[in-house]
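Colleague: Can you take me through this model? I would like to go through it piece by piece.

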Amino acid sequence: MYSKRKKKMRIPTILVVDDSKAILTMLKTFLEKEGYDVITTLTALDALPLIQMREIDLVIMDIKLPGLSGIDALTEIKNKDIKLPVIIMTAFGTTQTAIEAMKRGAYDYVTKPFKINELSNLVKKALEAGWLMRESVSYQGEKGEIPQEGVCIIGNSPLMQEIFKTVGKVAESSAAVLIRGQSGTGKELIARAVYQNSSRKDKPFLAVNCAAIPESLFEAELFGHEKGAFTGAINKRIGKFQQCDGGTIFLDEIGDMPLSTQTKILRVLQEHTFEPVGSEKTINVDVRVIASTNKELWKAIEKGEFREDLYYRLKVVTIFMPPLCQRKEDIPLLADYFIHKSNNTFSKNIKGVDRQLLSCLKEYHWPGNVRELENAIQTAVIMSKKGILGLDDFPLFNHPEQGSIKDDARQERDYADIFEDILKEMLKNSKLTGSGNLHREIMKGLEKNLIKLVLDKSRKSQSKTAKLLGISRNTLRTRMKSYNLFDT
Ligand SMILES: Nc1ncnc2c1ncn2[C@@H]1O[C@H](COP(=O)(O)OP(=O)(O)OP(=O)(O)O)[C@@H](O)[C@H]1O
Ligand SMILES: [Mg+2]
């Protein structure tokens with residue numbers, strides 16, 4: 001299934017362009033210490049051919065360069081490769097040009113003299129943003145084959161196959177998409193798959209982690225701000241929506257977005273317009289929104305934390321990522337895939353998992369979903385001294401009592417969520433509210449369905465059903481009669 005060709009994790013290459021030799025040397029030394037490969041040039045004219053010849057992951061470029069200016073070079077770079085992130089360096093007082101650079105697709109800018117830590121954080125973020133756009137996301141082929149490049153979404157289970165079909169259907173349009181699911185189920189992967197299968201695949205893709213932005217900075221981050229719009233707004237800044245014009249924005253964990261920002265998002269979705277913070281100028285944008293959440297948004301609506309109208313606007317196209325325990329048939333393939341990936345990354349040669357481990361992997365509840373499985377396999381591959389992984393490579397299964405306590409608590413929480421959903425639905429559909437019969441009617445509804453389910457599971461054997469339910473056969477028969485279950 002996998003090719004034998006080993007693919008090592010590539011060290012990112014950064015191209016630094018500045019007409020000052022001193023700055024080039026300083027940045028090269030610093031960035032190499034941080035673990036990157038660094039190429040430097042004194043002019044943009046020397047830099048441009050390198051972008052085509054070498055695999056460059058990030059460009060850090062001064063804006064004031066002899067010959068071809070940084071801003072013109074940026075336009076050329078973006079024409080060649082719109083997804084290559086570029087950080088612009090500007091001198092104090094030339095931020096107007098930096099803003100122009102951002103409008104032309106620069107990832108961000110730093111004003112000289114900058115703190116090296118500030119640049120270091122920006123470099124990490126820019127590399128991540130570029131990688132999210134550039135790394136290809138594909139699906140496992142029908143015969144199980146895994147593409148060599150990029151990441152692959154594994155999923156042979158009917159639930160995942162259905163999701164792949166939905167992605168195919170919704171990708172083309174520009175409709176907003178809401179991806180729901182527990183943490184670690186692959187929401188981000190699916191968001192990237194929607195983007196890469198859409199007609200906007202050659203335009204930018206920007207991910208915004210709504211859980212990581214302080215509330216006070218949220219609007220400014222997404223919609224930009226004027227100089228002096230609030231304390232700390234030293235310069236005017238362009239927001240993510242404007243930066244991403246024509247492309248796709250991924251609002252990760254949208255449930256954590258403040259209400260005031262939600263109002264603005266709704267307007268962008270409906271009218272494609274907004275005003276930056278502190279500005280009266282209306283800006284038009286054409287951005288597709290993909291949102292994700294691991295929360296039940298209707299609960300947030302009830303608490304007054306999420307706008308109902310935004311929820312309905314977003315949920316028209318919803319993709320639900322099932323927890324891993326509901327698609328256990330994918331576990332062997334996922335395990336294989338993660339072994340293959342870890343082998344490549346850590347230069348190991350693990351062939352697979354033994355039978356005992358496989359059945360434990362399939363048995364376990366995986367509260368952290370695919371991410372937990374991936375991490376467990378990666379650690380096992382790194383630590384294992386053998387060719388095949390076994391139970392002793394998984395500390396998780398060597399302390400079963402810990403696992404099961406956590407599982408029980410988790411299961412209880414999951415059940416509580418499920419029951420809440422069911423009961424809400426029953427209440428919505430019932431004319432009972434206020435009738436004084438609520439408890440009896442709901443219990444009857446639940447009992448009827450429970451008996452029906454167990455009967456089906458026991459292939460209609462009444463004695464087995466009664467035994468499983470822990471009631472007498474007579475009681476079972478009386479209940480079956482009152483619920484009309486004899487002919488089903
Ligand atoms: N079907 C899959 N096939 C291969 N890898 C997967 C699959 N689903 C998830 N993964 C991997 O599991 C990890 C978690 O996935 P991802 O970040 O997309 O989850 P998430 O739902 O966004 O989680 P969170 O809510 O915690 O952000 C990633 O490393 C991803 O590559
Ligand atoms: Mg995520």
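Colleague: What should I know before reading it?

Modeller: This is a predicted model, in which local features need pLDDT of at least 70, side-chain atom pairs count only at pLDDT 80 or more, and totals for chains, interfaces and linings use all residues. Residues are numbered from 1 along each chain as its sequence is written, and chains are lettered from A and ligands numbered from 1 in the order in which they are written.

Colleague: Which domains does the chain have?

Modeller: The assignment gives domain 1 (13-129), domain 2 (137-321), domain 3 (324-398) and domain 4 (437-488). Such bounds come from an automatic or database domain assignment. The centres of domain 1 and domain 4, taken over C-alpha atoms, are separated by 70 Å.

Colleague: Where does ligand 1 lie?

Modeller: Ligand 1 lies between domain 2 (137-321) and domain 3 (324-398), because both give residues to the shell around it.

Colleague: Which residues come nearest?

Modeller: S183, G186, K187, E188 and V370 do, out of 18 residues around ligand 1. A residue is counted as near if its C-beta atom, placed from the backbone, lies within 6 Å.

Colleague: And what classes are in that shell?

Modeller: The shell has seven nonpolar, seven polar and four charged residues. Here Ala, Val, Leu, Ile, Met, Phe, Trp, Tyr, Cys and Pro count as nonpolar, Asp, Glu, Lys and Arg as charged, and the others, Gly among them, as polar.

Colleague: Which elements supply at least two residues of the shell?

Modeller: β7 (151-153), α7 (187-196), α13 and α15 each do. Helices (H or I, at least four residues) and strands (E, at least two) are DSSP runs, numbered from the N terminus.

Colleague: How do α13 and α15 cross?

Modeller: The axes of α13 (residues 331-346) and α15 (residues 369-383) come within 9 Å and cross at roughly 45°. Axes are lines fitted to C-alpha atoms, for helices over the stretch in contact, and angles run from 0 to 180 degrees between N-to-C directions. The two helices are therefore oblique to each other. Angles under 35 degrees count as roughly parallel, over 145 as roughly antiparallel, 65 to 115 as roughly perpendicular and the rest as oblique.

Colleague: Which residues make the contact?

Modeller: From α13 they are L334, A335, F338, I339, S342, N343 and F346, and from α15 they are V370, L373, E374, I377, Q378, V381 and I382. Two residues are in contact if their C-beta atoms, placed from the backbone, lie within 7 Å. By class there are ten nonpolar, three polar and one charged.

Colleague: What about α6 and α7? What is their angle?

Modeller: Helix α6 (residues 158-171) packs against α7 at about 40°, with the axes 8 Å apart. That makes α6 oblique to α7. I163, V167, V170 and A171 of α6 meet I190, A193 and V194 of α7. This contact has seven nonpolar residues, no polar and no charged ones.

Colleague: Are α2 and α3 roughly parallel or oblique?

Modeller: α2 and α3 are roughly parallel. The axes of α2 (residues 44-53) and α3 (residues 70-80) cross at roughly 10° and come within 10 Å.

Colleague: New topic: which residues does the cis peptide bond join?

Modeller: K112 and P113, with omega about -5°. P113 lies in the loop between β5 (108-112) and α5 (116-134).

Colleague: And what is the phi of S347?

Modeller: S347 has a positive phi of about 50°, although it is not a glycine. S347 lies in the loop between α13 and β15 (352-353).
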